[in-house]
Amino acid sequence: MIKVLIVDDYEAVSKEAFKVIKEFLKPGKVLGLATGSSPVGLYREMIKDHEENGTDYQDILTFNLDEYVGLPLNHQESYYTFMHENLFNHIAIPEANVHVPSGLGDVEANCQKYEAMIDEHPIDIQLLGIGSNGHIGFNEPGTSFESLTHVTDLTASTRKDNARFFDPLGEEVPTQACTMGLATIMKAKKVLLVANGENKAQAIKGLLEGEVDESLPASILQRHPDVVVIIDKAAGKLLEKSY
Ligand code: F6R
């Protein structure tokens with residue numbers, strides 16, 4: 001079941017998303033996290049809450065959705081770096097508690113180990129953004145609904161969307177990533193998807209009102225028992241039903 005919340009703008013998306021995640025900031029909880037611009041405002045709220053209320057991350061585990069293949073950990077655009085800069089470095093979470101898939105070495109073997117770790121520590125809430133082509137994680141259109149953590153080729157559209165981060169470095173967007181699969185994401189007990197901006201409107205329409213089909217990976221969430229989708233008006237502008 002998908003619960004939908006449409007709010008004015010990015011800031012409101014971030015604040016509402018924080019209200020959902022706050023319930024999970026407790027010892028023993030396992031958070032599934034995402035990179036990209038969509039969750040940054042939520043991460044700011046989490047940092048503010050940690051600073052103001054002392055929310056403790058000593059006994060919270062995190063698992064990130066994905067990582068580019070071939071980038072050194074300390075690369076400016078690795079998701080490992082992104083997560084440390086935007087969240088982990090500011091909430092006093094022990095390094096041993098955070099997990100980001102490794103895109104180095106034997107990546108297939110890393111993916112299998114990652115899936116096994118998630119099975120050992122089931123994710124209580126998985127945070128997601130959505131690609132303009134409907135991807136979640138790096139599960140591009142056509143990815144099997146049965147997929148577990150795996151290595152995938154990035155589509156031209158995703159590489160174009162992410163070129164804004166690599167262009168200033170004079171580098172190309174990597175061609176592959178290691179990502180949780182769609183079946184991995186579906187194992188999470190709850191899913192929180194955030195999106196903003198007009199370029200997400202088509203994907204959001206497909207997610208909420210389209211057929212459940214592998215051509216729109218996010219549509220699998222219609223089969224999940226507990227999903228919250230929080231979007232701004234721009235991302236919701238193509239929706240026909242009322243929410
Ligand atoms: C990030 C991820 C991607 C992004 C999506 C949206 O870990 O897996 O699916 O959530 O590409 O990216 P932004 O938020 O930058 O628009």
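For the classification used here, Ala, Val, Leu, Ile, Met, Phe, Trp, Tyr, Cys and Pro count as nonpolar, Asp, Glu, Lys and Arg as charged, and the others, Gly among them, as polar. On this basis, the shell around the ligand in this predicted model is made up of 8 polar, 3 charged and 3 nonpolar residues. The ligand is surrounded by 14 residues, and the closest are Ser38, Asp66, His135, Gly137 and Lys200.

In one, a ligand oxygen atom lies 2.5 Å from an N or O atom in the side chain of aspartate 66. In another, an N or O atom in the side chain of lysine 200 is found 2.6 Å from an oxygen atom of the ligand. Glycine 137 takes part through its backbone, where a polar atom is 2.7 Å from an oxygen atom of the ligand. On its own the ligand has 400 Å² of accessible area, of which the protein covers 93%.

Histidine 50 belongs to helix 2, which spans residues 40-53. Its relative accessible area is 17%, so histidine 50 is classed as buried, the limit for that class being under 20%. The side chain of histidine 50 comes to 2.7 Å from the backbone oxygen of threonine 55. Serine 219 is located in the loop that runs between helix 7 and strand 10 (227-232). With a relative accessible area of 0%, serine 219 is likewise buried. A polar atom of the serine 219 side chain lies 2.9 Å from the backbone nitrogen of aspartate 213.

Isoleucine 123 occupies the loop between helix 4 (107-120) and strand 6. This residue counts as buried because its relative accessibility is 4%, and buried means under 20%. Between isoleucine 123 and valine 69 there are 54 residues of separation in sequence, and the C-alpha to C-alpha separation in space is 23 Å.

Leucine 148 is placed in the loop between strand 6 (125-128) and strand 7 (150-153). At a relative accessible area of 39%, leucine 148 is partly exposed, since that class lies between the 20% and 50% limits. The C-alpha atom of leucine 148 is 6.9 Å from that of glutamate 115, although the two residues are 33 residues apart along the chain.

Alanine 92 lies in the loop that connects helix 3 (79-86) and strand 5 (98-99). The phi angle of alanine 92 is near 55°, which is a positive value in a residue other than glycine. The relative accessible area of alanine 92 is 46%, and the residue is partly exposed.

Aspartate 161 is part of helix 5, formed by residues 156-166. A relative accessibility of 31% places aspartate 161 among the partly exposed residues. Aspartate 161 and glutamate 23 are 138 residues apart along the chain, and their C-alpha atoms are separated by 32 Å.

Glutamine 202 is situated in helix 7, which covers residues 201-209. The relative accessibility of glutamine 202 is 53%, so this residue counts as exposed, the class that begins over 50%. The C-alpha atoms of glutamine 202 and valine 191 are 20 Å apart in space, with the two residues 11 apart in sequence.

Notes
Residues numbered from 1 in each chain as written. Predicted model: local features only at pLDDT ≥ 70, side-chain atom pairs only at ≥ 80, totals over all residues. Heavy atoms only, no water. Near = heavy atom within 4 Å. Polar contact = N/O pair within 3.5 Å; in protein donor to acceptor, adjacent residues only side chain to side chain. Areas by Shrake-Rupley, 256 points an atom, 1.4 Å probe, with all protein chains shown as cover. Helix = DSSP H or I, 4+ residues; strand = E, 2+ residues; numbered from the N terminus. Buried < 20%, exposed > 50% of the residue type's maximum accessible area, 1.4 Å probe, protein only.
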